[in-house]
Each structure stands twice: as C-alpha cells, then as structure tokens.
Amino acid sequence: MFKRLSQILNQEFDVSEDAFKDIRQTCLEQNAILSEMLVKKKLVTESQLLEAFSKLYQMPFLPKVTLDEFSTEFTQKLSIQFLKKYVMVPIKNMEKVPMTAAQDETIEAGRAVILLNNPTVFQPVDDMLKILQWDDATLVLSTRESILSLINSAYDSSRDTAQQLVADMEGDGNDIISEIEETADLLDDTSDAPIIKLVNHIISQSVKSGASDIHIEPYQNSFKVRYRVDGILYDLLSPPKWMQSSLISRIKVMSKMNIAEKRLPQDGRFDVKIGDQSIDIRVSTIPITYGERIVLRLLNKSSTLLRLPDLGLKDEKLKLIESLIHLSHGIILVTGPTGSGKTTTLYAILSQINSPDINIITIEDPVEYQLKGIGQIQVNSKIDLTFSRGLRSIVRQDPDVILIGEMRDQETADIGVQSALTGHLVFSTLHTNDSASAITRLVDIGVEPFLISSSVIAVIAQRLLRVLCSDCKEPYHPDAETLQQLGNIKGAASADGPVTFYRAKGCPRCFGSGYKGRLGIYEIMVLNESLQSMILKSHDSHQIKKEAVSQGMTTLYDDGIQKVLEGITTIEEVLRVTQT
C-alpha cells in the first residue's frame, strides 16, 4: 500500500521516493500518522493527499461539501465527539450533489453516504453502520474543514430551542444545580443540567445571529434576555422569574466572579468555542432593584480584521485617511459613542501602516484583536497599570506609532500631546458626538488650546448604520417634502426624473428586520491653519464645525444621505444614528 501511495504521489505531485521514505521513517519513530505528517511537512496539500487516496482506494473525492439540507437524525444516535475524533459524518442529502466539478457522477438524493477524511478508519465506519442500522453506504473522501463544518451544522440545528429548554424546566427551580466545569466547545457539551444547556444555547444562538451583546435584565415579576444585532436590541427569551438566580450564577461561575457578592458591580471574562469559532466574552454585572443585571459583550476572535477599503469610506475620504496615517508625527483622534466601530477603524489603520521598519506599541482596555508585529499592552487596574502609567513606559520603548485606547483624563492626554510634539504619530479615541466636539472635550479635560492646535492633525468622527438587505429591499420615490427636508445634498435631485430610494421590508434572511450588516459613515476634520487659528481664539464646537464645513468637510449626516442616494440604507437609519 505504501509503495503504491508513494508512486501516485511521485507521478501526480512530484513527491520524491526519498522524501516519502524519510517521512515514513519519522512516523515510525514518533508513532505519528503518515497522512498527517505528509501535510504537516508540506510535501503535499490536504486536497492533493485526498486525490492520491482517491486513486489508491478507488473512492470518490468531494473537495468541498456544502449542503443546505440533509438529514440530521444521526445526531440522536451518535455523539459529536465520536464523529470529530475520526473526522467523518453520515449524511442523507436532500438533493443531488456532484462528486467533483470535472466528473458527471453525483450523489443521488436520499443515498446513504459517509464522508471521510481518512480512508483507513474501517472499524469506526463499521461501528457507525451498525448503530445507524444502515445496510450499506457510499464512502466519499472530503476535506477536514468540510466534514467538521457539516458536523457542527448538524448538531447545532438539532439542538432544542431556548424556548423548549425553558418549557422543559418545570417546578420552582429548587432542583436546578449549577455545575462549575465548562467545556471547550459549547457544541460538545453533553451536560444534562438544564441551566447549563440554557446558557450554552443563549450564547450559541446569539453568535449564530451575529449578535455583539447579550443583555440579561431582571424586573419585578419578570426576567428578560435580549441580544443586540447590528446595533439594535431584540428580545430573545423571557424565562420564568425563578430561573433568574440560577442563570446569573452560572454566568458568574463561567466568568470566575464571586457568586456570593450581589451588592457590588463585577467584571469578568471567559472564552468559548462554538464549532470552529473562538469567542471572547466580557461580562459586566451591576446590582439593580430586582436583582443583578448582566451584559455579555461577544468578540469573535475567528473573524478576520477589516481593511480600510472595507469600512465604507468613499474614494476621496480613503485617500485622505491614507495620506494622514503616513505622517511622521501628530495626533489623529477617532470619535463616536460606544459601539460605533472606533476600535475596528484604528485596527484597520494599524494593519495598513504596519511594516518591519516601524515600531508600533498600543495600550488598550481591552486588547480585542492580536495584531502580528505590534506590541499590545492590556490595561489592568488591579495592579495599577492604567493608561497614563502604561503610556509613560511606552514612550521609553522607542516607538514610532502609539495607539492609546482612550484619552480618559488630563494626564493621559498630556502625555499623548507631548509624544506627538516629540516626533511620534499618536492614535486615540474620544467619546464625542462629532469631530468638532473632540476639541471641546480635550479643553474640558485640561489640555491647553495652543497644545491642541499644534499637535492634533485630524479628527475622524464615525457612526455605524445598518445596510439594507439585498434580498428584500424595495424601491420607492420620495415626495417633494421629504427631499426638501433632506437639505441641499448633492445628488438628491435628478435631472432625469424622480430619484429612487429604498426602504426596509423584511425577509427570513435578515430575520424580518429589513437590514443585514452595517457600514460606517465618516466626518473627517483636518486641522488646517484656519482651524488651528480658530482653536486658539475659541473652543466652541459649533463655530469650529461651521468653519470646517466651510473648508469643505462632509458631515456625518451628509455622508449618510449619500449612502441613502446610493441605495445602501434608509433615511430613517441615517436620522437614527446622526440624531438630526
């Protein structure tokens, strides 16, 4: 068998006989699996190895399997751990699936098929057939990623809904026991404790819906669980009041909080895996009249970082930001309320300018994404590692670029200003409503106006607005009164006829909201000589904004209306996020 495999690899993928023998000898010495070692040592890719196995064992090879519908009855008989251990999954598909793009052969609808990653797991396959009571099945090779994706999808869709879990918990809760142990993967959790199953399901359902936060809110006679999707809160569940204590205790145990302390606010965090997704969850509790209120902030560490062109910036604004972030010194501020995407924008900027010839150091609370080649410091108030203290150490580390998570006080702002004046490029955030208000905010926390005018080079204000669902958005023609209310926006009137706007309708793909995903709108105020001179005389935000607009700055509202004219979002959404 080994001789035949080496011949196929040599003929098809130029793997030399000597290299194959060396790998095989290594496997014998280390008691390793030959196929895994071949891929690990990069002699072949996984797909190339499976193609060789396909020829060797006369099994069809399906590089990628994506089935919208297939039978998940096997989830009641086989454990997810068993299938993941041997990387195989039994399917009875509901539709025809071609074996490969180059072959005419297909998997017929309803045919019993076992997808394998390793064709030599004969005994587990036999065991599976016996458990499922299948007389026979077609064995098909596929990639590890495809098989694990189908396994996770099957077990996720076959789980009870949150409402069913609540309905199954009868009584007053005296028998509910919170178990301390947590599992690495929520889909692998086989615990029978109802509260553990409920908490796991709330988290996994929220992640599946793309939620950024989960709110657990106790009231006098009720108890509500909500989640935030695309910036809007939706009701997820209303469990009975008697579950409140047990559910909150379970989350506090997972977060390693003091479950006995119910009078003081607490903060914690924990990590979970849901299939192939790694989720970092930050937990905050506060005591309120009817119990403890909990908010869980979900951060999907498996998602890829956005690049600057992906943020929704128009060409001229993208070019402006790219020119600003390559300056040698000065402060660039990104402003907006909590959840407006400031950190995402800053990470996209750092990724853009990151290169081996510059030293970038950040101090953040918390560090949300690990950026390769960048030194990141986590604020830790318990050991007095604050923004100001960490920043004093950073400036002694010979940085070229410094990111300050937030300018919260005068000391932090002063160090940031001094760093900018001594040849460093500094990025930071402020919680203000628009770009001009950032100047007022800096003055309020104690920074002298002459230092602001000489150090700050630009302020970027931003908001996130929801994007219309492409499957269900419907066109309409606004009336003259609506167009008049929009103001004198370029493009709001068309010489060719009535302008077409779009509105939200709602469909299953967007959960009936009419929106799917979010995009940024931006207001970029570059401090030219005119604005610098004005800041020295007055720090009134209205006057500063008026001067910036006269210099050609596009406001958040104007940028939002342009998105409306392009059919990306709605007027209502722009008004909601700009509060105009």
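Here are some friendly notes on this predicted model, point by point.

1. First, the ground rules. The model is predicted, so local features need pLDDT of at least 70 and side-chain atom pairs count only at pLDDT 80 or more, while totals for chains, interfaces and linings use all residues. Residues are numbered from 1 along each chain as its sequence is written, and side-chain values use heavy atoms, with hydrogens and water left out.

2. On the overall make-up, the protein chain comes to 21 helices and 21 strands (DSSP runs numbered from the N terminus, with H or I of at least four residues for helices and E of at least two for strands). Of its 580 residues, 48% count as buried (under 20% relative accessible area, with exposed over 50% and partly exposed in between, using a 1.4 Å probe and protein chains only). Among contacts (heavy atoms within 4.5 Å) with a separation of 6 or more, 64% join residues 24 or more positions apart.

3. A helix pair worth a look is H15 (residues 435-444) with H19 (residues 541-550): their axes come within 8 Å and cross at roughly 140°. Axes here are lines fitted to C-alpha atoms, for helices over the stretch in contact, and angles run from 0 to 180 degrees between N-to-C directions. The two helices are therefore oblique to each other (angles under 35 degrees are roughly parallel, over 145 roughly antiparallel, 65 to 115 roughly perpendicular, and the rest oblique). On the H15 side the contact is made by Ala436, Ser437, Ile439 and Thr440, and on the H19 side by Ser541, Ile544 and Lys545.

4. Asp434 counts as buried, at 13% relative accessibility. Leaving out residues up to four places away in sequence, Asp434 touches Thr335, Ala461, Glu523 and Lys545.

5. The loop between S17 and H15 also holds His431. At 38% relative accessibility, His431 counts as partly exposed. Beyond its neighbours within four places in sequence, His431 is in contact with Gly336, Pro337, Thr338, Lys342 and Glu406.

6. What about the cysteines? The structure holds 0 disulfides (pairs of cysteine sulfur atoms within 2.5 Å). For Cys507, the nearest cysteine sulfur is that of Cys510, 3.7 Å away. Cys507 is buried, with a relative accessible area of 16%, and Cys27 is also buried, at 7%.
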